[in-house]
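Please examine the sequence and structure shown below.

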Amino acid sequence: PKYDMLAAHNLRDGNNPVIPQKKFDFAQDTFYGEGQLIHVPAARPDVCIAHVQQVGEDGTVKVIGQRYSDAEAMKAAKTLIVVAEEVVPEHVIRQDPGANLIPHYLVDAIVEVPWGAHPTGCYGFYEVDGAFIREFYNRTKTQEGFDEWAQEWIFGVKDFNEYLEKLGFNRLDILRANSATKYSNRVKRGAV
Amino acid sequence: MEALNNHNYAKPGEYKVIEYLAVAGAREVQDGEVVFAGTGLPMLAVTLAQKTEAPKASIIYEAGSADGRPVDLPASVGDARCEYQASVVSGLFDVFNQLQRGSVDLAFLGGAEVDKYGNVNTTVIGDYKNPKVRLTGSGGNPDINSLARRTVFIMNQEKRRFKEAVDYITSPGWRIKNWPSGEWISRQEAYGKNFRGGPVAVITNMAVFRFDEETGEMYLHTVHAGFTAKDVQDNVGFELDVSRCIGETTPPTYHELYLLNQVIDPEGLFIA
């Protein structure tokens with residue numbers, strides 16, 4: 001590891017518009033006189049791929065529950081691809097605009113992929129698949145292990161539907177969220 | 001039902017280390033406080049506090065939930081369970097803004113190394129540019145530690161973790177190496193008008209440490225049942241002030257153990 005990988009590779013010369021010329025910089029607080037501040041440059045990603053619960057046919061994005069840094073990431077990227085659990089008629093998603101996060105004109109592409117966040121979770125739809133992630137972690141500690149895992153779960157299935165079929169109905173059904181609590185009450189989580 | 005209403009102290013051997021730590025953490029929470037908590041022990045500690053002495057304490061989890069009232073213990077700060085009956089759910093930007101404006105009374109944090117001034121390292125073991133081990137990095141550690149009024153660290157007690165000087169200051173304690181001069185200054189000096197407080201306790205599997213208000217130096221406050229002050233000193237890499245030790249860390253009550261095992265974490269997420 002290097003202190004500043006971009007500088008170590010001479011990439012902070014100002015020629016690339018998405019790479020800041022400094023990692024950070026100092027400034028003085030001239031508004032409230034509270035001394036030294038540190039400025040950190042904003043990230044300028046080319047693409048954001050976001051998985052959300054619902055998107056309208058025209059691209060209006062609704063995120064249900066905690067929104068982490070979704071809005072910041074979606075607005076920072078030049079190209080925004082939204083993957084959704086479900087695409088709904090635009091007039092339906094516009095019935096409650098206060099619940100929406102991103103207007104349609106910021107969205108470049110929408111893709112309907114139910115269960116698309118697996119093995120992570122999707123609030124209100126399904127639970128994180130902890131067992132799957134633990135298996136991934138345990139099997140991918142070596143290059144050979146990773147290759148074997150990737151062959152099984154990425155290259156060995158022809159598309160996402162085959163991936164879901166490989167997971168199987170029972171596994172997915174147990175992960176499915178309860179409509180009241182918004183998470184699964186049936187998944188085994190701890191040691192008990 | 002017997003354990004539920006039994007407020008006597010449990011004896012050594014009747015509780016696990018993690019339960020002792022959760023109880024010690026819970027006792028740092030005052031009723032009505034806003035607490036920023038991470039995954040695992042801090043969750044157990046604050047939830048236990050809410051069910052005992054601090055029913056009006058509110059928890060913020062960093063993925064963006066404010067005062068959730070989970071009926072099932074979240075497995076992480078981003079778990080859907082954090083959101084159950086929450087006052088507001090938002091995102092990181094919002095909850096860190098709340099920290100910034102000074103709305104958080106207490107925060108629980110962890111670290112790989114700590115020095116006698118409470119400086120914590122979660123970045124690197126060895127030289128920064130030639131590390132022996134690269135750790136996870138800062139996460140929200142310095143932000144939370146700088147902006148909350150009080151911080152409690154929960155760590156493992158090992159000589160190599162309690163050091164005269166940490167390899168890298170990720171999260172500032174009571175005396176800080178100023179940058180770029182390298183001169184050691186007090187936290188109050190470094191933060192100026194933005195000074196709010198700082199680390200008030202380090203809770204480990206052996207003891208609870210606190211910090212002298214004048215010098216900012218760590219001292220031994222209580223020792224967990226089954227350990228002596230000497231055991232603790234033997235697992236601290238700097239000369240530790242043990243003269244202010246007031247005795248044993250208050251052990252869990254049977255009531256608290258019941259809450260932890262039967263009410264808060266019956267699935268055994270963290271108390272296995």
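The crossing of H2(B) and H7(B) is right-handed; a crossing counts as right-handed if the near helix is turned clockwise from the far one by less than a right angle, and as left-handed if anticlockwise. This is a predicted model, in which local features need pLDDT of at least 70 and side-chain atom pairs count only at pLDDT 80 or more, while totals for chains, interfaces and linings use all residues. Residues are numbered from 1 along each chain as its sequence is written, and chains are lettered from A and ligands numbered from 1 in the order in which they are written.

**Packing of H2(B) and H7(B)**

- The two helices (DSSP runs of H or I, at least four residues, numbered from the N terminus) pack at an angle of about 110 degrees, with their axes 10 Å apart. Axes are lines fitted to C-alpha atoms over the stretch in contact, and angles run from 0 to 180 degrees between N-to-C directions.
- H2(B) and H7(B) are therefore roughly perpendicular to each other, a term for angles of 65 to 115 degrees.
- From H2(B), B:Leu44, B:Thr47, B:Leu48 and B:Lys51 meet B:Glu256, B:Leu259, B:Leu260, B:Val263 and B:Ile264 of H7(B). Two residues are in contact if their C-beta atoms, placed from the backbone, lie within 7 Å.

**Burial of H2(B) and H1(B)**

- H2(B) is largely enclosed by the rest of the structure, because 10 of its 11 residues are buried. Buried means that 20 or more other C-beta atoms lie within 10 Å of the residue's own, with C-beta atoms placed from the backbone.
- The cover over the buried residues of H2(B) includes H1, E5, E10 and H7 of chain B.
- Helix H1 (residues 17–26) of chain B is mostly covered, with 8 of its 10 residues buried.
- Among the elements against which the buried residues of H1(B) pack are helix H2 (41–51) and helix H7 (254–264) of chain B.

**A sheet in chain A**

- The strands (DSSP runs of E, at least two residues) E6-E4-E3-E5-E7 of chain A, in that order, form an open sheet of 5 strands with mixed pairing. Two strands pair if DSSP finds at least two bridges between them.
- Strand E6 (100–102) and strand E7 (109–112) of chain A stand at the edges, each with a single partner strand, so one side of each has no neighbour in the sheet.
- Strands E3 (residues 47–56) and E5 (residues 79–88) of chain A pair in the parallel sense over 9 bridges.

**Where the chains meet**

- Chain B has 26 residues in contact with 21 residues of chain A.

Conventions:
Buried ≥ 20, exposed ≤ 12 C-beta atoms within 10 Å, placed from the backbone. Parallel < 35°, antiparallel > 145°, perpendicular 65-115°, else oblique.
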